[in-house]
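Keep the sequence and coordinates open as you read.

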Amino acid sequence: MRAFFANKLAVIGAAITGFVLLAVIAGPWVLPHSPTEADFLALLTPPSLAHPFGTDSFGRDVLTRILYGARVSLAVSVTGVFAAALVGSAAGLVSAYVGGWTAAVAMRISDLLFSFPSFVLALFLMVVLGFGVANIAVSIALIYLPLFARLARNMALVVKEEPWVQAAQLMGQSTFSILSREILPNIAAPLFVQIAIGIAFGIVIEAGLSFLGLGVQPPNPSLGTIMADGREYFQRAPWVLTLSGVAISIALLGLNLLSDGIRDIMDPKLRARL
Amino acid sequence: MTEAALIEVANLRTSFAVGRARVAAVRGVSFSIAVGEVFGLIGESGSGKTVTGLSLLRLLPPHASVDAEAIRFRGQDLALLSDDEFRALQGVKLAMIFQDPVGSFNPAKTVAWHLKHAIARRRACAGTGEGDWREEAAQNLRDVGIRVPERVLASYPHQLSGGMLQRALIAMVISLRPVLIIADEPTTNLDNLVERQILDLIRAQQRKLGASVLYVTHDLAVAGEICDRIAVMYAGEIVEMGPARDVLERPRHPYAQGLLQTSASLERRDEYLYELQGEPGVRGAPEGCCFAARCPQVMPKCRSTQPRLVNVGPGHVSRCLLHDQ
Amino acid sequence: MISEPRAAAASDATMQVRELVLDFSAPQRFRKVHPLRALDSVSLDIAQGEILGIVGESGSGKTTLGKTILGAYKPTRGRILYAGRDLATLPAGRWGLLRRDLQMIFQDPLSSFNPRFTIESSLALPLRLHGICPKGSVSGEVAALLKRVGLGPEHASRYPHELSGGQLQRVAVARAISVKPRIIVADEPVSKLDVSVRAQVLNLLKRMNRETGVSLVFITHDLGVARFLCDRIAVMYFGRIVEIGATAQVFADPRHPYTLSLLRARSAAPDDVTTDADEIPIAIADSAQACNYAPRCARRIASCTRARPALTIQDDGHASACFVPIEAGTAERTEGIAS
């Protein structure tokens, strides 16, 4: 723990992420405006006290829309990535330990999914599954599943050769117990790092899909749809696109620094133990 | 310290930066090695024996700090040499045999490549030597007991067994014609039979070259075979030092005595072995004797008074309050 | 045909290993790969309460033998008879209670414990798994186990990396005996420990054997330690047992040239010490029908390259596999070998 606080970037990352989370969860309750109600008297007004981020072409408060949109992005991204982590890691663990035909087949399918560039795969999945927010979560889950599977499998392959795993086998521990107690805790750290990175990318994917109109449908806000709108009237009201872009960047920055920090504390601790 | 001393170390102190603290690995070690002498440094984990050897050759990582009143090689203070000047000595006059031979070889190059470079280095420094390096390399390998040098020369490190690799490493070191060889537990990872042969080899080559050897080991028996003089280290200090026979047959420090009693009880086939209590490497009271926590003959004043090295025989010293009455 | 020290059927030995063969082969789809024969027709008995030493250098197969009899590897051929079953062919799911009877102590104490769990946790697991004591008294039992191996209750809440090698190895002994096994295989348990700590663990093992009557299979390359601890010794060379017998006899009267070589390794007269560097390439038509020590044996005769010497008994329990065994009483005394 002390090591984490010593790493300045990690602390900054945690702080930013924490702030973003707080804003996203608590913000919409605090702010007076509605994200969807139009106010035709205040179209495209620049940032002011009443509207810190200005208003968009429907007179809606941009800040409120960003916060609501971020809720959706985060919810979708977190759901998708956690699903990928749970299913993927489990698959990777089992395939590393049990091996055999099914493992080989599962890995090949995983490789197949993995070989597509993520956004192209996302587009394809959206077409197949149909548009909508829930399906974005499913797409994100499918995109990241192979990553977790391979990561978990590679690490488990190494850990399963460790003497303490052999000791557990000789003691007669069940396969489930060995996987969950002897192997999993010792491969968890990089998986958590990957989750943090995955959430960041998930946000980008959701934003991208919504930007193209395949995700969240108007008038519901999404970081992507806000940016799409903002792009249309960029000349007249640059603040919409700019500020929503900045908002995404800050969230991503926070998540990335946090994940770097987690990775850093895991590493030197291992080295110090030697 | 006489003029015949090849290397003299006075009050060597080495410590490592760990987080915000400094951990002392070597706390004031002084010894000298004469020309052609085999000097043994015996100790367990935490004794500082390996760090001592590495300190002499400036092979420690950047977070280590090495300090000494003097480290003299042939009368010249090594601390005054710049890095470049030291590097000229390092590896040629001062050579090292590491514990794990695998790490001393480039896995992507053959043994021949390694020997060629060692020979070339020596020739460049000494400015002598003609003739095909291959013949010299083959002869070096024959000198270390390899019957078919051509095959070994053409091999890559991973194709050779641990014993063969260690021989090749010794051949490499010999081809440098060093004046001082620091051998850090060179036989620890080897099987007993191979160890026997390698020990004989080191001794034979050392005599032939007239080189001095600083032999670092935890194995009393091995030290007894090969060393002329021995220093026993514990928790960063030398606790006993003297001629090998004297230290091994009539040790005066309780730690050395304890080690000897354990092997004696093994020899005698006692029902249960003589045991030294506690763990090595843990320093007892900071102000007192480093061995106080484990000493079977500990006295109250041992925890508060630092013992100094005291004469207990001709050329034989021991760091214990028992002798310092 | 191997002549066993006692008739197999009537043997009162706890475990009987017969003609055990283990080949390692890396599976290759298109190339025929020569398998590595780690165990080559190994036979021996383990009596209840005895300490049997398996001595050999690296590559001799001693560790593999130890792990195979515990079921870690599936033998290619041969039988491991224990409690009326053949462990060599017993499917993994049918071992059940047998797992309690056979325990292991590993060479490196630090990596034999899950680094994420405390000592208490690691010791409690087998107790709970095998129902050794009622749930409420697990904690007390752990404390008692620690005390038995010479550690205090303060060690229970520590993590493996906070203990020294010697202390951890004692915990390993505690873990092994906690399930009241009948056979413990100890794989070089003191080679990674500091010299001044080895005696502590060796004494502990001997005490456990004397107090509980558990059989100990002690794998080592250190003959001095083997002599201190073991009742009987089996010497292995490249997957085969070349000599086996009561410790005192093997040391006083080595029959096989390799055994003599090992005994001489620490003495001042190393003339009989040969290693792979001394091997002379000789023509061997079929290595299965030859003595595998022949290439470096000074006593080699013609038969040695044409037939495989069987493990034959010369006198009570002392057997060796050699066509030209060293005559009883003629071996130069090997007293005073340093440990």
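Buried means under 20% relative accessible area, exposed over 50%, and partly exposed in between, with a 1.4 Å probe and protein chains only. This is a predicted model: local features need pLDDT of at least 70, side-chain atom pairs count only at pLDDT 80 or more, and totals for chains, interfaces and linings use all residues. Residues are numbered from 1 along each chain as its sequence is written, chains are lettered from A and ligands numbered from 1 in the order written, and side-chain values use heavy atoms, without hydrogens and water.

Q: Is C:Thr118 buried or exposed?
A: C:Thr118 lies in the loop between β6 (102-105) and α3 (119-129) of chain C. Helices (H or I, at least four residues) and strands (E, at least two) are DSSP runs, numbered from the N terminus. The relative accessibility of C:Thr118 is 19%, so C:Thr118 counts as buried.

Q: Which residues does C:Thr118 touch, not counting residues up to four places away in sequence?
A: Contact means heavy atoms within 4.5 Å. With that sequence exclusion, C:Thr118 touches C:Ala156, C:Ser157, C:Arg158 and C:Tyr159.

Q: How are α5(C) and α6(C) oriented to each other?
A: Axes are lines fitted to C-alpha atoms, for helices over the stretch in contact, and angles run from 0 to 180 degrees between N-to-C directions. The axes of α5 (residues 165-178) and α6 (residues 195-212) of chain C come within 10 Å and cross at roughly 10 degrees. Angles under 35 degrees count as roughly parallel, over 145 as roughly antiparallel, 65 to 115 as roughly perpendicular and the rest as oblique. α5(C) and α6(C) are therefore roughly parallel.

Q: Why does the pair of B:Tyr234 and B:Phe291 count as edge-to-face?
A: Rings of Phe, Tyr and Trp (its six-membered ring) pair if their centres lie within 6.5 Å; planes under 30 degrees apart count as stacked, over 60 as edge-to-face and the rest as tilted. The search over all chains finds 9 aromatic pairs. In the pair of B:Tyr234 and B:Phe291, the centres are 5.0 Å apart, and the pair is edge-to-face because the planes stand at 85 degrees.

Q: How many residues apart in sequence are the parts that this pair ties together?
A: Both B:Tyr234 and B:Phe291 are buried. B:Tyr234 is in strand β10 (residues 229-234) of chain B, and B:Phe291 is in the loop between α10 (254-267) and β12 (309-313) of chain B, so the parts tied together are apart by 57 residues.
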